[in-house]
Each structure stands twice: as structure tokens, then as C-alpha cells.
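Subject: Structure handover

Hello,

Here is the structure I promised you. Please open it alongside this email.

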Amino acid sequence: MTDCGINGSPYKTKARTARGRLLRMSERTPENDVPIRKVDRILAFMSLGLIVLSILSFLAVIIGSSAGANMSTPLWNAVGIVVIVAPIIAFVLLLTVLISSFVRRARANRGD
């Protein structure tokens, strides 16, 4: 019997091919896969923490300015700097994790 689509059509449907693709993507990785290093995990969580800190600082600036706080004090200047600098540092940390994982996987595939 041939592989037919809906109503005996000789063409596969998109739903069938998408389901097959999903099944292939959800397969478990082999047991000899490269483990996640502790440094990578620390860098990833530091990046996440900086993003959360930046969002909270941004909300604090919005609430403080709407409440009429004096934004020229050193505390508010520091909060404003966190809003600007923290996402940049978080992005650099994520790039570091990404590049190190690519290098580690390439070395593992080469057999070094």
C-alpha cells in the first residue's frame, strides 16, 4: 500500500510531514552528549538576573518619576545606569555562553 494523503491523494499533507518533523525534533539526545558545565549555568543565570534587575529598575524609575521623586539624587542616577548597562552585560554573557557551547560541541564532535 502506498503512503497517501487525505482521500487517497498521492501527496502527503502538511500536517503529516509536520508531525513527523516534530517527532524527530523531540527525540532524546544520545547519552554521550556534552554535559552542561557549571560555568555556563552560572553565566546563564547571571544574565537572567541582570535582565530581571534591569526590568525592576525600569519599573522603579517609572513609578518614582510618576510619584514625583527627585531624580537627581545619586540613588536614582545609579538606578538609571542599571537600566542602561545591565541588558548590555546580560547580552554579552549570553553570547559568551553560546560561543563556549559551540566550541565545546565542535571539539566533542571532532573527538579532541
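Below is what was found in it, from the overall fold down to single residues.

The model is predicted. Please keep that in mind as you read on.

**Overall layout**

The chain has three helices and zero strands. Read along the sequence, the pattern is α-α-α. Of the 112 residues in the chain, 14% count as buried.

**How H2 and H3 pack**

Two packed helices are described by the angle between their axes and the distance between the axes. Helix H2 covers residues 38-66. Helix H3 covers residues 74-110. H2 and H3 pack at an angle of about 160°, and their axes are 8 Å apart. That angle makes H2 roughly antiparallel to H3, because the cut-off for roughly antiparallel is over 145 degrees. The crossing of the two helices is left-handed.

What kinds of residues make up the contact of H2 with H3? They divide into 20 nonpolar, six polar and two charged.

One pair of positions gives you a distance to check on screen. Pro87 is found in helix H3. Pro87 and Leu48 are 39 residues apart in sequence. In space they are 9.5 Å apart, C-alpha to C-alpha. Pro87 has 29% relative accessibility, so Pro87 counts as partly exposed.

**The salt bridges**

Side chains of opposite charge can pair when their charged atoms come close. The count here comes to two salt bridges.

Start with Arg37 and Asp40. Their side chains meet in a salt bridge at 3.5 Å, N to O. Is Arg37 buried, exposed or partly exposed? Arg37 counts as partly exposed, at 39% relative accessibility. Asp40 has 4% relative accessibility and counts as buried, because the cut-off for buried is under 20%.

Now the other bridge. The side chains of Asp40 and Arg104 meet at 2.5 Å, N to O. Asp40 lies in helix H2 and Arg104 in helix H3, so this pair ties together parts that are 64 residues apart in sequence. Arg104 is buried too, with a relative accessible area of 17%.

Which residues do the salt bridges join into one network? Arg37, Asp40 and Arg104, through bridges that share partners. Asp40 takes part in the bridge with Arg37 and in the bridge with Arg104.

**Ser101**

Stay in H3 for this one. Ser101 lies in that helix. Its relative accessibility is 16%, so Ser101 counts as buried. What does the side chain of Ser101 reach? It reaches the backbone oxygen of Leu98, at 2.8 Å.

**The loop between H2 and H3**

Asn70 is found in the loop between H2 and H3. Asn70 has 49% relative accessibility and counts as partly exposed, because the cut-off for exposed is over 50%. The side chain of Asn70 makes a polar contact with the side chain of Ser72, at 2.8 Å.

**Where to look**

To follow this on screen, take the H2 and H3 pairing, with its angle of about 160°. Then go to the network of Arg37, Asp40 and Arg104. After that, turn to Ser101 in H3 and to Asn70 in the loop.

Best wishes

Definitions and conventions:
Residues are numbered from 1 along each chain as its sequence is written. This is a predicted model: local features need pLDDT of at least 70, side-chain atom pairs count only at pLDDT 80 or more; totals for chains, interfaces and linings use all residues. Side-chain values use heavy atoms; hydrogens and water are left out. Helices (H or I, at least four residues) and strands (E, at least two) are DSSP runs, numbered from the N terminus. Buried means under 20% relative accessible area, exposed over 50%, partly exposed in between (1.4 Å probe, protein chains only). A polar contact is a pair of N or O atoms within 3.5 Å; within protein, one must be able to donate a hydrogen and the other to accept it, and residues adjacent in sequence count only if both atoms are side-chain atoms. Axes are lines fitted to C-alpha atoms, for helices over the stretch in contact, and angles run from 0 to 180 degrees between N-to-C directions. Angles under 35 degrees count as roughly parallel, over 145 as roughly antiparallel, 65 to 115 as roughly perpendicular and the rest as oblique. A crossing is left-handed if the near helix is turned anticlockwise from the far one by less than a right angle, and right-handed if clockwise. Ala, Val, Leu, Ile, Met, Phe, Trp, Tyr, Cys and Pro count as nonpolar, Asp, Glu, Lys and Arg as charged, and the others, Gly among them, as polar. A salt bridge is a side-chain nitrogen of Lys or Arg within 4 Å of a carboxyl oxygen of Asp or Glu.
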